[in-house]
Amino acid sequence: MNLKTLALISSAAYLGASAVHAQVVGATANNAIGTTIVPFTQQIPLGPTLDVIPYVDANGYTVQMTLIPTLTEFIGYDDPGQFAIVAQGGAGGTVGTSLTAVLPLPRLRVRQVTTSSIVWDGQTVVLGGLISENVTKTKDKVPVLGDLPLVGRLFRSESSTSSKKNLVIFVTPTIIDPAGNRVHTEDNLPYDPNTIPPQIPFAPPPPATTPEAQK
């Protein structure tokens with residue numbers, strides 16, 4: 001999926017390819033006789049989103065970006081346990097029937113990474129690490145025989161399957177003028193966009209020595 005957005009310097013830009021789902025987050029009741037409990041929902045976007053805050057450096061060729069990718073997934077509903085909504089209405093001296101409703105508790109999984117990078121105009125930043133794993137357990141058994149004590153395990157089987165997903169995001173900043181045209185072309189960039197810049201190996205500094213260690 002190729003998404004594009006326009007952002008001003010030091011202003012946040014938002015990109016999202018999410019599906020909006022309505023999740024039950026609460027309930028309300030009226031005060032009249034014959035009280036009814038009505039659950040209300042909230043629109044929650046599910047899927048990957050990306051927040052970007054760009055800054056153009058003083059040299060006019062490099063872009064510093066603060067990148068915040070977020071992945072939101074709906075897992076299911078938790079058991080509310082003893083938590084329940086109790087409503088009882090009335091009018092005058094008449095009291096309505098008490099109603100009890102169990103409120104589902106949605107469970108969401110949110111993974112987020114915050115990073116900062118400096119790249120040349122037109123270069124691409126690759127973000128990864130948003131890995132999700134889903135495990136599905138399946139139980140099969142022969143009716144009646146699978147419920148027998150001791151020997152019942154011979155007529156039952158359990159299996160589990162897991163699937164992993166790794167979300168990779170590519171971000172390519174481009175500096176443009178107010179008319180929407182690129183400020184720099186491939187001819188006046190301080191690097192060759194068709195080659196890989198030389199990679200300088202990093203060597204850790206030698207450990208510091210003290211006069212006591214030299215003796």
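Analyst: Buried residues make up 21% of the 215 residues in the protein. The model is a predicted one.

User: What share of the contacts with a separation of 6 or more comes from residues 24 or more positions apart?

Analyst: Such pairs account for 62% of those contacts.

User: Why is Glu73 called buried?

Analyst: Buried means under 20% relative accessible area. Glu73 has a relative accessible area of 18%, so Glu73 counts as buried.

User: Is Arg111 buried or exposed, and what makes it so?

Analyst: The value for Arg111 is 16%. The cut-off for buried is under 20%, so Arg111 is buried. Arg111 lies in strand E9, residues 105-112. Leaving out residues up to four places away in sequence, Arg111 touches Pro69, Thr70, Leu71, Glu73, Leu130, Ile131 and Ser132.

User: How do you know that Glu73 and Arg111 form a salt bridge?

Analyst: A salt bridge needs a side-chain nitrogen of Lys or Arg within 4 Å of a carboxyl oxygen of Asp or Glu. The closest N and O atoms of Glu73 and Arg111 are 3.1 Å apart, so the pair qualifies. Glu73 is in strand E4 and Arg111 in strand E9, so the bridge ties together parts that are 38 residues apart in sequence.

User: What makes the link between the side chains of Arg111 and Glu73 a polar contact as well?

Analyst: The limit for a polar contact is 3.5 Å between N or O atoms. The contact between these side chains is 3.1 Å, so the distance is within that limit.

User: Which salt bridge joins Glu73 to Arg109, and how do you know?

Analyst: Their side chains meet at 3.0 Å, N to O. The cut-off is within 4 Å, so this pair also counts as a salt bridge. Glu73 belongs to strand E4 and Arg109 to strand E9, so the pair connects parts that are 36 residues apart in sequence.

User: Why is Arg109 called partly exposed?

Analyst: Partly exposed lies between under 20% for buried and over 50% for exposed. Arg109 has 25% relative accessibility, so Arg109 falls in between.

User: What about the salt bridge of Arg182 and Asp121: how do you know it is one?

Analyst: The N to O distance between their side chains is 3.4 Å, and the limit is within 4 Å, so the pair is a salt bridge. The two residues are 61 residues apart: Arg182 is in the loop between E12 and helix H1 (211-214), and Asp121 is in the loop between strand E10 (115-120) and E11. Asp121 is buried, with a relative accessible area of 0%, whereas Arg182 is partly exposed at 39%.

User: Which residues do salt bridges with shared partners join into one network?

Analyst: They are Glu73, Arg109 and Arg111. The whole structure holds four salt bridges.

User: What makes the largest nonpolar core a core?

Analyst: The largest set has twelve residues: Leu15, Leu50, Val52, Val63, Met65, Leu67, Val119, Val125, Leu127, Ile169, Val171 and Ile175. Strands E3 (37-56), E4 (62-78), E11 (125-141) and E12 (156-171) each give two or more of them. The largest share, three residues, comes from E4.

User: Which residues does Ile175 touch, not counting those up to four places away in sequence?

Analyst: Ile175 touches Val56, Gly60, Tyr61, Val63, Asp121, Asn181, Arg182, Val183 and His184.

User: Why is Leu154 called exposed?

Analyst: Exposed means over 50%. Leu154 has a relative accessible area of 68%, so Leu154 is exposed. Leu154 is in the loop between E11 and E12. Leu154 also belongs to a nonpolar surface patch with Val142, Leu145, Leu148, Leu150, Val151 and Phe155, which together have about 640 Å² of accessible area.

User: Is Gly129 buried or exposed, and how do you know?

Analyst: Gly129, in strand E11, has a relative accessible area of 53%. The cut-off is over 50%, so Gly129 is exposed. Beyond four places in sequence, Gly129 is in contact with Asn166 and Leu167.

Definitions and conventions. Residues numbered from 1 in each chain as written. Predicted model: local features only at pLDDT ≥ 70, side-chain atom pairs only at ≥ 80, totals over all residues. Heavy atoms only, no water. Core = buried A, V, L, I, M, F, W, Y, C linked by side-chain atoms within 4.5 Å. Buried < 20%, exposed > 50% of the residue type's maximum accessible area, 1.4 Å probe, protein only. Helix = DSSP H or I, 4+ residues; strand = E, 2+ residues; numbered from the N terminus. Contact = heavy atoms within 4.5 Å. Polar contact = N/O pair within 3.5 Å; in protein donor to acceptor, adjacent residues only side chain to side chain. Patch = residues over 30% accessible without salt bridge, like charges linked within 9 Å, V, L, I, M, F, W, Y side chains within 5 Å. Areas by Shrake-Rupley, 256 points an atom, 1.4 Å probe, with all protein chains shown as cover.
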